[in-house]
Every structure is written in structure tokens, then in C-alpha cells.
Amino acid sequence: MNVGLTDEQELLRRQARDFLDRECPAARVRQLMEDDLGHDPRMYARMVELGWTAIPFAERHGGLGLGLVDLAVVLEEMGRHVVPSPFQSSVGLAGMTLAASGDEAQAARLLPSICDGSQLATVALVEESGRWDAGGVRMAAERSSDAWLLHGEKLFVPDAQVADRMIVATRTAADPADGLTLLVVNTAAPGVTVRPLASMDATRRVAAVGFDAVEVPADAVVGEPGRGWATLRRGLDRAMVCIAAELAGTAQRVLEMTVEYARVRQQFGRPIGAYQAVSHRCADMLVMVESARSLAYHAAWALDNDVPEAPLAAAMAKAYAGDAARSVASNGLQLHGGIGFTWEHDIHLHLKRAKWGEATLGDATHHRERVAQLLEL
């Protein structure tokens with residue numbers, strides 16, 4: 001593994017940072033938090049023009065044929081700017097699930113529209129139990145002659161309010177390890193209802209999605225019926241790395257804001273950064289940021305290269321990044337003193353994004369348990 005970015009990746013990073021500095025400053029983030037859509041379609045269209053939505057996908061599906069490492073470069077910058085966007089759910093979650101499914105027919109049908117931004121997609125997995133594994137899926141899909149019939153409700157579906165397509169995990173067999181079937185559902189289909197849910201991070205939108213006798217064509221299955229969890233697991237590993245990269249960017253920005261403040265804020269005639277209690281805590285934050293970034297990029301490289309330990313690397317990256325981003329953001333807020341506790345200070349945007357990322361796709365405890373299972377401990 002090359003531990004540094006290539007010249008092309010550094011150029012991509014500079015391009016992403018320049019674009020987001022210009023298009024998505026904190027003031028714009030706060031405006032979009034109050035917007036019904038929760039994102040700026042014009043800004044998303046510019047991301048499409050820059051090629052970001054096509055980065056990890058094969059050229060035969062309209063992609064650029066690059067990899068997850070290249071996507072991580074962009075996502076790190078998006079986390080740094082706490083961008084309100086369905087990019088993560090459409091590209092990092094639904095798109096990566098399709099790409100990893102091995103289902104060429106579904107990938108050819110849906111990925112081009114994700115790459116060119118003409119459609120947005122998401123994944124509906126979690127139900128009332130709040131579990132992120134196969135055992136938490138109870139919503140059944142009944143097979144008729146030429147269709148599937150869906151009844152039930154999914155919770156915390158990311159960006160469902162703007163998604164055109166949704167990959168829905170349904171139970172079609174009583175198998176605790178799998179027995180799931182993934183179905184692509186048109187969100188405009190009769191019987192589909194979307195109810196927005198409150199979220200700690202207002203830059204991220206989630207919803208409860210109801211399915212009342214929703215009829216889905218038989219050819220809407222992604223992968224093999226009854227083997228949906230194995231398919232979704234591969235997509236979730238990639239989505240976890242996408243979130244880990246975003247969290248590394250969020251934590252990096254908090255560290256920069258905190259160090260800058262520690263240099264200018266004076267106490268007893270000296271910058272507060274001159275005191276060991278502050279400087280040592282900033283050093284601890286730096287270690288957490290660099291470790292989170294290293295784990296995220298290693299996991300992205302492992303998945304790009306089909307390394308056997310890639311699922312282990314993905315679980316470790318998500319577990320560490322969740323803990324690190326939350327800890328760095330909390331420490332950063334504390335070091336800002338009283339001003340850090342005011343809603344007007346932008347560090348709150350990063351703290352809430354860190355808390356969102358910590359819980360999404362399973363918290364650190366969930367992934368540490370998976371690490372133990374993968375190591376057969």
C-alpha cells in the first residue's frame with residue numbers, strides 16, 4: 001500500500017476544497033439546514049459535473065473507473081465542510097451496494113443514473129429494533145406470480161425525502177444469518193410514504209418509510225433472492241469506509257479551529273496554547289485524527305484491492321473514526337470555553353456531524369464486536 005496520495009489525488013483534494021470553500025461555507029450550511037430538501041440541487045449538479053458521483057464506478061456503468069481511495073479524498077473534504085447532501089446515501093451507500101453486488105443487470109440499470117446525477121438512491125435497512133444486521137430485518141416480501149408485495153416500515157432511511165430509488169432489505173426466509181432479499185423500489189410507487197424524522201444533525205435527513213401493499217416487479221431483485229445480506233454486507237463495508245473518511249475530515253477541521261483559537265486566545269498574558277493542559281490535549285486530538293485517517297484509507301485500499309482482511313479493516317476504521325471524531329469534537333468544544341457552547345459557533349456543526357457518523361451504520365461497540373467475530377475471538 002502506498003501511504004501517500006498520488007499527484008492526481010492531491011489535485012482532486014485541492015479541487016474539492018476550493019469548490020467547497022466557495023460553495024459551502026458555514027453560513028450556507030446553516031441555510032440548507034432550514035431548507036425542506038435539506039440540500040442544494042444546484043451544488044449537487046456541480047459535483048456531478050466535477051465527476052465526483054462517478055469516481056468509484058466502472059466505466060461500463062458510466063463511472064470513472066477509479067477507486068474507493070479516490071472517493072475517500074472527496075468525502076474527507078465533504079466532512080471537513082459538513083456538506084448537507086445526499087451524496088453519501090446515493091453514491092457511498094446505494095451506489096456502492098449495487099457496484100459490490102455482482103448483479104450486472106441491476107448495476108447497468110441504475111448506476112449510470114447515479115453517476116450522471118439524474119437519479120438519487122438510498123438504502124432502507126433499519127426497523128423498529130434499531131439493529132444494523134440481518135437479524136433486525138422483519139419486514140416480509142411476499143412473492144406472487146410476477147411481483148413482490150411489501151408491507152411494513154423502515155426507519156432512519158437516509159435522504160428518503162429526495163431519493164428516486166430505494167434498495168429495500170426484506171425478509172423472504174427464516175434464516176438468522178441471511179434469508180433477506182434486496183428489492184429496488186421506486187419511491188413514487190403507490191403505497192410508499194415518507195415521513196421525516198428529527199435528527200441530531202440537521203445537515204443529515206432521515207425518514208420513516210412506510211410500505212402499504214407496495215407492488216414491486218419480479219426483476220427488481222438485487223443479487224440472488226434469499227442471499228441479500230451477503231450482498232448488502234459488501235455494500236455496507238464500503239459505506240462504512242465512506243463515513244469513516246468523512247469523519248476524519250470533520251475531526252481534522254475541528255483540530256484546525258481549536259489550534260487556531262489556542263494561538264490567539266490569551267489568559268494571564270499568554271496564549272492558552274502555551275499551557276500544557278491545552279497543548280497536550282491538542283496533541284492527543286492530532287493523534288486521533290491521523291489514526292482515523294490512516295485506518296480509513298487503509299480500509300479503502302484493502303477494499304479496492306480485494307484484500308481478504310478488507311471487512312476487518314472496514315470495521316476497525318468505522319469503530320475508530322466514530323470514537324475519534326466524537327472525542328475530537330467534544331474536546332475542541334471544551335477548549336473553546338464559553339464561546340464554544342454558543343450555537344453561533346460553527347464547532348457545533350462538526351460535533352453534531354460527528355455524533356451522526358458515530359451512530360450511523362452501527363456504533364463503535366457494534367463494530368468492535370464484528371472485529372472480534374471476524375478474528376474468531
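Visitor: Which residues of the largest nonpolar core touch the most other members?

Guide: A nonpolar core is a set of buried Ala, Val, Leu, Ile, Met, Phe, Trp, Tyr and Cys residues joined through side-chain atoms within 4.5 Å. Buried means under 20% relative accessible area, exposed over 50%, and partly exposed in between, with a 1.4 Å probe and protein chains only. Here the largest core has 102 residues, and Met47, Trp52, Phe87 and Leu125 touch the most other members. Helix H7 (residues 228-264) supplies the largest share of this core, 17 residues. A second, separate core has 20 residues, among them Ala124, Val157, Ala207 and Val216.

Visitor: On what basis are such values given?

Guide: This is a predicted model, in which local features need pLDDT of at least 70 and side-chain atom pairs count only at pLDDT 80 or more, while totals for chains, interfaces and linings use all residues. Residues are numbered from 1 along each chain as its sequence is written, and side-chain values use heavy atoms, with hydrogens and water left out.

Visitor: Which residues does Trp52 touch?

Guide: Contact means heavy atoms within 4.5 Å. Leaving aside residues up to four places away in sequence, the contacts of Trp52 are Leu12, Gln15, Ala16, Phe19, Leu20, Met47, Leu71, Val74 and Phe87.

Visitor: Which strands does E4 join, and in what sense?

Guide: Strands of a sheet pair through backbone hydrogen bonds, either parallel or antiparallel. Two strands pair if DSSP finds at least two bridges between them. Strand E4 (residues 165-171) runs parallel to strand E1 (residues 121-124), with 4 bridges, and antiparallel to strand E5 (residues 180-186), with 7 bridges. Within E4, Val168 stands opposite Ala124 and has Leu183 in E5 as a bridge partner. E4 is mostly covered, with 6 of its 7 residues buried.

Notes:
Helices (H or I, at least four residues) and strands (E, at least two) are DSSP runs, numbered from the N terminus.
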